[in-house]
Amino acid sequence: MRYITVSDVSFQYNNEPVLEHIHYFLDSGEFVTLTGENGAAKSTLIKVTLGILKPLSGSVEIADQSVRGKKLRIAYLPQQIAAFNTGFPSTVYEFVKSGRYPRKGWFRRITKHDEEHIQKSLESVGLWEQRNSRLGSLSGGQKQRAVIARMFASDPDIFVLDEPTTGMDRGTKEEFYKLMNHNVQHHQKSVLMITHDPDEVKEFANRNVYLVRDQTSPWRCFNVHDGEEEAND
């Protein structure tokens with residue numbers, strides 16, 4: 001099932017074009033990476049796709065329902081979102097648990113299934129042992145992982161991730177990619193992930209969308225390189 005269709009999208013900042021004639025898509029049960037050189041407007045493309053920024057031209061279509069026939073749920077993780085100060089009162093567990101409430105309603109009891117899901121979410125980012133620590137006491141990388149765990153706990157249909165593994169060690173990165181792959185392969189989730197190192201994740205990704213600079217344009221403008229949007233073997 002097609003979840004996202006981006007058709008002939010262009011975007012500009014202060015009358016300077018940065019994206020031109022972008023076409024790409026995301027289906028259910030698919031892990032797609034988004035790559036390109038530094039400054040290739042990858043984060044901008046994500047924001048246009050999600051409706052945070054309005055395109056100059058073209059269209060973005062997002063499905064109303066998931067493959068299960070329920071309202072489509074999208075979780076977006078911007079680059080380096082974690083910025084909690086040392087006085088933040090919540091524990092890591094409480095913070096991640098709060099990700100379950102939008103699915104259940106704020107006044108519903110947390111069940112054993114919810115608790116198991118929260119534990120798996122924390123284990124997936126290597127924070128189960130720190131579950132009772134105050135969120136504000138964590139390092140920057142640990143805070144980033146806590147935000148990712150909360151996103152897992154919310155159980156969305158689409159994960160939209162902007163360089164999510166920043167601050168993770170090699171082992172934690174590998175476990176993160178395995179979890180994403182499991183969600184895609186076994187639960188029909190979809191992943192759209194910006195990464196600066198596609199080789200790290202190519203074992204798990206189905207396709208790579210590569211933003212390349214348009215050499216014919218006088219502006220620093222990017223579009224999709226068709227030769228890179230192919231399934232990995």
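Me: What makes the charged end of R207 count as sitting over the ring of F25?
Reply: In this predicted model, the charged end of R207 is 4.1 Å from the centre of the F25 ring, and a charge sits over a ring if NZ of Lys or CZ of Arg is within 6 Å of the ring centre and within 35 degrees of the ring normal. The charged end of R2 also sits over the ring of F25, at 3.8 Å from its centre.

Me: How do you know which residues and atoms such values rest on?
Reply: Residues are numbered from 1 along each chain as its sequence is written, and side-chain values use heavy atoms, with hydrogens and water left out. Local features need pLDDT of at least 70 and side-chain atom pairs count only at pLDDT 80 or more, while totals for chains, interfaces and linings use all residues of the predicted model.

Me: What makes F11 and Y13 an aromatic pair, and which kind of pair is it?
Reply: The structure holds six aromatic pairs, and in the pair of F11 and Y13 the rings are 4.8 Å apart centre to centre, with 85 degrees between the planes. Rings of Phe, Tyr and Trp (its six-membered ring) pair if their centres lie within 6.5 Å, and planes under 30 degrees apart count as stacked, over 60 as edge-to-face and the rest as tilted, so F11 and Y13 form an edge-to-face pair. F11 is buried because its relative accessibility is 7%, whereas Y13, at 39%, is partly exposed.

Me: How do you know what kind of pair F152 and F159 form?
Reply: The centres of F152 and F159 are 5.8 Å apart and their planes stand at 70 degrees, which makes the pair edge-to-face. F152 is buried because its relative accessible area is 5%, and F159 counts as buried because its relative accessibility is 1%. Ring pairs link F152, F159, F176, Y177 and F204 into a cluster.

Conventions: Buried < 20%, exposed > 50% of the residue type's maximum accessible area, 1.4 Å probe, protein only.
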